[in-house]
Amino acid sequence: MSLRDWRPVPPPLPEDLEGSVADDDPDWFARELAIAAHPPWWLWRFLLTTVSPAVSLFGRVQVTGGVPEHLRGGPLILAANHVGDYDTFTVAAALHRLGVVPRFLATGGIMRAPVAGPMLERAGGVRVDRGTDVAAHAMRVVLVALEHGGQVLVYPEGRVGLSADGWPERGRTGLARLALQTRVPVLPVSQWGAHEVLQYANDWGKLRTALSAAWRQPALRVHVGPPVPLDDLEAGRVGDAHRARTRIMAAITRGLVPLRAGEPADRIAFHDPTRPVRAVAAFPGGRVPDDVPGAGPPHPAADTLRR
């Protein structure tokens with residue numbers, strides 16, 4: 001077997017899930033269902049413990065907020081804004097410090113990469129092939145993961161945010177519908193600074209910005225807020241998925257305000273000429289109306305930083 005074809009051996013598929021896999025399903029679907037139904041891979045836990053501190057090579061990781069102790073055993077949905085390619089590493093390291101072992105949704109392209117793709121899959125990564133006839137398979141895998149106590153990190157924007165001012169976009173309703181269907185707590189994860197480590201474009205400029213970040217040591221800030229209040233909303237009721245989405249994005253935006261303190265509200269201080277601007281923020285300038293449920297005062301600036 002060549003290195004390109006190598007992949008870790010997945011756990012066995014539980015008998016109660018065997019009927020979920022049809023003959024015409026892609027081969028990865030059964031593997032991901034099996035992985036989702038089992039506790040996090042021991043090697044993934046080991047890497048989070050031993051390798052995640054290396055995230056600090058490219059910046060100063062600062063974590064505020066927290067995950068309530070009674071929620072750390074899962075299931076959990078963690079909803080984060082997406083600022084750049086490096087923020088997955090930053091958020092993973094931050095969540096591990098808070099006692100969470102996250103599973104990530106990842107694009108099909110990453111999951112098909114040699115070595116890295118199989119490793120991410122075995123670590124609990126969920127393949128998302130948007131716009132294809134197997135896109136719905138990701139939702140089934142996520143549901144199985146949550147049913148078995150998984151802690152799933154989702155980027156509700158569905159991509160790196162491209163608003164001119166850097167505030168989170170409106171997002172999609174998929175996460176909101178998932179939350180209303182499962183009634184699993186949604187914790188907002190606000191983060192900022194990772195966009196300074198790797199530029200947006202996929203070229204040699206990524207190496208340049210990474211080396212620059214290693215020298216400059218930008219602040220890589222992550223804040224985890226309290227659960228978003230969704231108890232008064234119902235799955236399937238007209239308009240409730242949109243209301244849930246608004247509340248989730250409001251909570252993420254509010255948590256982001258103190259992380260961007262000292263920066264202009266109408267633009268990103270760090271200039272990345274490769275990053276296109278073609279979207280509008282859900283709450284331009286980070287201004288969330290007071291009448292949005294769950295969008296209370298931002299977290300205190302005096303929160304202890306976990307370094």
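Me: What should I know about the model and the numbering?

Reply: This is a predicted model, where local features need pLDDT of at least 70, side-chain atom pairs count only at pLDDT 80 or more, and totals for chains, interfaces and linings use all residues. Residues are numbered from 1 along each chain as its sequence is written, and side-chain values use heavy atoms, with hydrogens and water left out.

Me: Okay, which residues of helix 3 are buried?

Reply: Asp87, Thr90, Val91, Ala92, Ala93, Ala94 and Leu95. Buried means under 20% relative accessible area, exposed over 50%, and partly exposed in between (1.4 Å probe, protein chains only).

Me: Why does threonine 90 count as buried?

Reply: Because its relative accessibility is 1%. Threonine 90 sits in helix 3, residues 87-97.

Me: And what is threonine 90 in contact with, leaving aside neighbours within four places in sequence?

Reply: Val55, Ala194, Leu220 and Val222. Contact means heavy atoms within 4.5 Å.

Me: Switching to cores: how many residues are in the largest nonpolar core?

Reply: There are 42, and Val67 and Leu153 have the most contacts inside it. Such a core is a set of buried Ala, Val, Leu, Ile, Met, Phe, Trp, Tyr and Cys residues joined through side-chain atoms within 4.5 Å.

Me: Which element gives the most to this core?

Reply: Helix 3, with 5 residues.

Me: Now the holes. How many cavities of 30 Å³ or more are there?

Reply: A search of the whole structure finds 3. A cavity is a set of points on a 1 Å grid over the protein atoms alone where a 1.4 Å probe fits but cannot get out, and lining residues have an atom within 4 Å of a point. Grid points are joined across faces, edges and corners, and volume is the space filled by probe spheres set on the points.

Me: What volume does the largest cavity have, and which residues lie nearest its centre?

Reply: About 100 Å³. Of its 14 lining residues, His82, Val83, Gly161, Gly166 and Arg275 lie nearest the centre.

Me: And the second largest cavity, how much space is in it?

Reply: About 60 Å³. Its lining includes Val83, Asp85, His195 and Arg275.

Note on methods
On a 1 Å grid over the protein atoms alone, a cavity is a set of points where a 1.4 Å probe fits but cannot get out, and a pocket is an open set with protein on both sides within 12 Å along at least five of seven lines; lining residues have an atom within 4 Å of a point. Helices (H or I, at least four residues) and strands (E, at least two) are DSSP runs, numbered from the N terminus.
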